[in-house]
Every structure is written in C-alpha cells, then in structure tokens.
Amino acid sequence: MGDAVSSDTYTPKQRTRYRNRLLRDLELFDHHLQHAEFVSEGTIGLELELNLVDDDMQPKLCGAEVLEKLSEDYQSEIGAFNVELNLPPQSIAGDGLDRLQRDLEERLSTVREATHSAGAHVAMIGTLPSLTTEFLSNPEWMTKENRYRALSNSIMETRGELVSIDISRDEHYHENFEDIAPESACTSMQLHLQVAPHRFADAWNASQAVAGVQAAVGANSPLFAGYRTWHESRIPLFAQAIDTRTAELVNQGVRPRVWFGERWITSVFDLFEENVRYFSPLLPEDRVESDTPIMTGESPSLHYLNLQNGTIWRWNRPIYDPNTELAHIRVENRLLPAGPTPADIIADSAFYYGLVKYYSEQTRPVWSRMSFSTAEANFNAGARDGLAAVMNWPTLGEIPVRELITDHLIEHARRGLKELDVRADLIDNYMEIIEGRARANQNGALWQLRALANASTAADHPDSPERRSAIARVLRHYLELQATGKPVHTWPTNLD
C-alpha cells in the first residue's frame, strides 16, 4: 500500500486484465526464485506509525501539514492524524541495536519539531485512547490520497455491508461504520528481517511460533473509543475494520484478508501463491498507470504480485523488494504496537530478532513440535490477555506467559542475539527490559489500565464524559513519561 494509485474505482475490464497479469507475475516470481541471485546479508529495519494530537489530547488532522516539513523518510498513513517514519536497513551485529535506537530517537525528534510547528504533539501508542466513535464516523478522518479512498471503496464494495466492530473483554464495544475508519486507530511498529530465500521459511515459521509471546509482552492498546478491550486491541480491530467477508462468507470458511495463516510453510513462494489463489484483487492498478517499471536493475518489479501482497495483511508478511542492486526477500513482522518508548521498541525488536535466530537454527525447530492452530491460539491469547495470558508451549504444556518469558525465552533470545554477534552489554540492556516487564507485570497496556483506574473514580462507565476526561489525563501523563525515555515497566501509575 506504499505505492500511489491512479484511481479510487475500477472497471470489470481492469480487474480481469489485472488478474491475468497477476498470474503471469506469480510464474515469473517462481522462475526468479529458482534462478536469480538475491541479497543475503541479513539486515534489519523498522517502520513506526505515529498519532498526532492537539493540546486537549484529541486527534489532530494535520498529517499532510506535518509531512510538508519532512523528508521522504516520512510518509502518510490512512488516517489524517497519522504519520510514519522509516529507518534504513542495517546490520544488527556489534552496536547495531544501539544505532537503531539512536536513529529512532533522532527521527522522532525531527517529527516532533515538525508537529510542534503545526500546533500538535506526537503520541507513540498502539491505539490512540482518545479516539471516539463520533470522530471515526466523520469522513474527514481519512488522508486525501487515491490509494486510501480506493482501498476503502473496494473493501466496502466487496463487503456490501457496514463495517462491524465488535470487541469484548473487560467491556463490550459494538458499533457499525460506513467505511474502514477504525483501521486508522491501529498504529504499529513493523520489524524487517531480510533473509536469503532458502532461509525464509525457517524465519517465517519461527516468527509465527513466537507471535503470541510478542503480542503479550508488547501489548500497548487496551483502550478503544473509550472502552477497555483486548490488551492489544489492534489485533481484532484491524482484522474487523478491513474484513471483506459477510457473516455467510465467514461461515463458508472464506479466508480473511487480515490473516494469521493456516499452515507452516516450506518456501516463501507458498505465501505468494496463497495470495493469488485465495484473494481477489482489491486494487487492480495497471503497472503503466502507477508508473511502475517492468524491471528494477536486473530484477523484475513484479508490480501486480507486490500490489496484491500489499492488500493481504498477514501479521508476518513476506516482502519481495526489487529496489536494491540485487532483489531481496524479507519478513515484515507487523503485530507489535507503537511505543511506549524508543528503549521499549528496541527491546521488543531485540527479543524478536533473538528468538527468530535461535529457533530458526534448531535441528528440531519449535514449529515441528507445535501445531499451527496452537500457534494461532497463543497469538490470540497474547493479544487478548497480555501479560495475564496462558500459552501452550512444546515440552512445557500450558504455562503463564510471564513464566515462559522469564524462565525460558529470555535465555533463548540471549543465545540468538549472541549468535548474531550483538554486543554483550546491549543484549543485557534490552533483555533486562523484557524481563523487567514480565517480573513487574507491567507493559504499556497494563500501565494504561492502571492509570485509568487511578485517574477518576467517576470514570467507570465506558465512553462517558468522565471516562473521556480521565483518558485525556492518562494520555497526557503517558506522553510526559514517554518523553523521559524510561522503559514502561518502571513508570508510576499515580497521575498526581
């Protein structure tokens, strides 16, 4: 979805032509995988989505104004109150994690300066808790670009009904929307892991196996539209906001476009083949109309295959990127929320990279001893219950996720990071943050819920004026603590 598109609607003729060219791209990709040389350096990268708020902590529709003051390293998002920053790929070895954090802090500072001149503030958080149903029901929420209008139009036309958001945990939120506005509430961090094509399946399978633990320890989205929902409510919210299926299609077993998947894989081609086999095109944009070349250097651009891939939102998405001297393949890990601080973000990154390295190098890998349905159940449990989740893990059976992290996975991540030649003091620093969350029983989600409970004794009713006022107080304090840079497990929940 990073490419520009020429229209916000498409004809049956355009759709038919696109489908034929998509099938041709899939065959070309298969041939390229078998015969071409790919980059295999194993670099890492990061994208981060941010919210913009006014002095009252309400979303501010100034994304376009902020981006006018920034370079091409910063991009729009679907919400007019969002922007995205991108960090360049680099090696994780040595001081790579430290450089990643310094780069992130520098670019955040740049965004804050641009945002301040627009009369706004940056909120780095999974779901902006001050968003309201009324705000998301106003058409002004969307960034005015064809690609976003086209996406919303195509999803709504395919679905043929209102978007229904229905999320329950501590409280039950249920509303219908006339477009995909709730998707704009989901601000994430996306981790990139570039791998050689023959190593992709191991990296992707490992990423799927640890997704539940990632969601649990990194949860930072417990509030949506004034309601206390899943600890990482981005997961069901995103899935429901851009679901093209009616209830009948769900009952028939039609696959969702926001997808965990259904099986372990043996090749990156498996995922691209599923994209073509199971999903009708949402944006049948011609290569010429979008100004996409046939080749990028020696590599085919595969415009149709990549555009299709960009409209299927796997939590671990395969990426084919021809825009380097040699094309490369990477895993895009999309399930973590933004925030709370740069230190927390890099700790989450280190935990992910370390675990994937450790498990992808095993002679008897974890996914060979865990069913795919168990991995998906762990993922949903981690997103729903955060650090209170119970996981099912090979040889351990059912185990509280905090115990799984402190007694087992921290050591596995440490070993993986050591194999990646990460500097020892950085391994200690970032793993202490992950372990600190588990032992203190506090991640971003739990801090928000506890701070809200302390904010006002009159804020018990969901989305009441008192709850909205309390949420604004919580968010203001969150931004103050975020500015200190201290990891979230050390934050006090008293707002005085």
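These legends walk you through several close-up views of a predicted model.

**View A. Strand 7 and its enclosed setting.** Follow the side chains along the strand and you will find two sets. Ser188, Gln190, His192 and Gln194 point one way, while Met189, Leu191, Leu193 and Val195 point the other way, and all are buried.

**View B. The strands paired with strand 7.** Here we stay with strand 7 and look at two of its partners. Strand 1, made of residues 44-53, pairs with strand 7 in the antiparallel sense over 5 bridges. To find your place in this pairing, look for leucine 48, which stands opposite methionine 189 of strand 7. Strand 15, residues 328-337, also runs antiparallel to strand 7, and 7 bridges join these two strands. A handy landmark in this second pairing is histidine 192, whose bridge partner in strand 15 is glutamate 332.

**View C. Helix 3 packed against helix 11.** Two packed helices are described by the angle between their axes and the distance between the axes. For helix 3 (residues 96-117) and helix 11 (residues 342-360), the angle is about 140° and the axes are 10 Å apart. Helix 3 passes helix 11 in a right-handed crossing. On the helix 3 side, the contact is made by Leu97, Leu100, Gln101, Leu104, Glu105 and Leu108, and these meet Pro342, Ala343, Ile345, Ile346 and Ala350 of helix 11. By type, the residues of this contact divide into 9 nonpolar, 1 polar and 1 charged.

View D. Proline 340 sits in the loop between strand 15 and helix 11. Take a close look at the bond that joins glycine 339 and proline 340: this peptide bond is cis, with omega about -5°.

**View E. Arginine 147 in helix 5.** Helix 5 spans residues 146-159 and includes arginine 147. Is arginine 147 buried or exposed? Its relative accessible area is 10%, so arginine 147 counts as buried, the cut-off being under 20%. The side chain of arginine 147 makes a polar contact with the side chain of glutamate 145, at 2.9 Å.

**View F. Asparagine 443 in a loop.** Asparagine 443 belongs to the loop between helix 14 (424-440) and helix 15 (444-455). This residue is buried, with a relative accessible area of 1%. A polar atom of the asparagine 443 side chain lies 2.9 Å from the backbone oxygen of alanine 216. The side chain of asparagine 443 also reaches the backbone nitrogen of leucine 446, at 3.0 Å. Setting aside neighbours within four places in sequence, asparagine 443 is in contact with Ala216, Val217, Ala219, Leu387, Arg437 and Val488.

**View G. Two loop residues with positive phi.** Asparagine 441 lies in the loop between helix 14 and helix 15. Its phi is near 55°, a positive value in a residue other than glycine. With a relative accessible area of 22%, asparagine 441 is partly exposed. Now move along to aspartate 463, in the loop between helix 15 and helix 16 (465-484). Aspartate 463 is not a glycine either, yet has a positive phi of about 55°. Its relative accessibility is 22%, and aspartate 463 counts as partly exposed.

Technical notes
Residues are numbered from 1 along each chain as its sequence is written. This is a predicted model: local features need pLDDT of at least 70, side-chain atom pairs count only at pLDDT 80 or more; totals for chains, interfaces and linings use all residues. Side-chain values use heavy atoms; hydrogens and water are left out. Buried means under 20% relative accessible area, exposed over 50%, partly exposed in between (1.4 Å probe, protein chains only). Helices (H or I, at least four residues) and strands (E, at least two) are DSSP runs, numbered from the N terminus. Two strands pair if DSSP finds at least two bridges between them. A polar contact is a pair of N or O atoms within 3.5 Å; within protein, one must be able to donate a hydrogen and the other to accept it, and residues adjacent in sequence count only if both atoms are side-chain atoms. Axes are lines fitted to C-alpha atoms, for helices over the stretch in contact, and angles run from 0 to 180 degrees between N-to-C directions. A crossing is left-handed if the near helix is turned anticlockwise from the far one by less than a right angle, and right-handed if clockwise. Contact means heavy atoms within 4.5 Å. Ala, Val, Leu, Ile, Met, Phe, Trp, Tyr, Cys and Pro count as nonpolar, Asp, Glu, Lys and Arg as charged, and the others, Gly among them, as polar.
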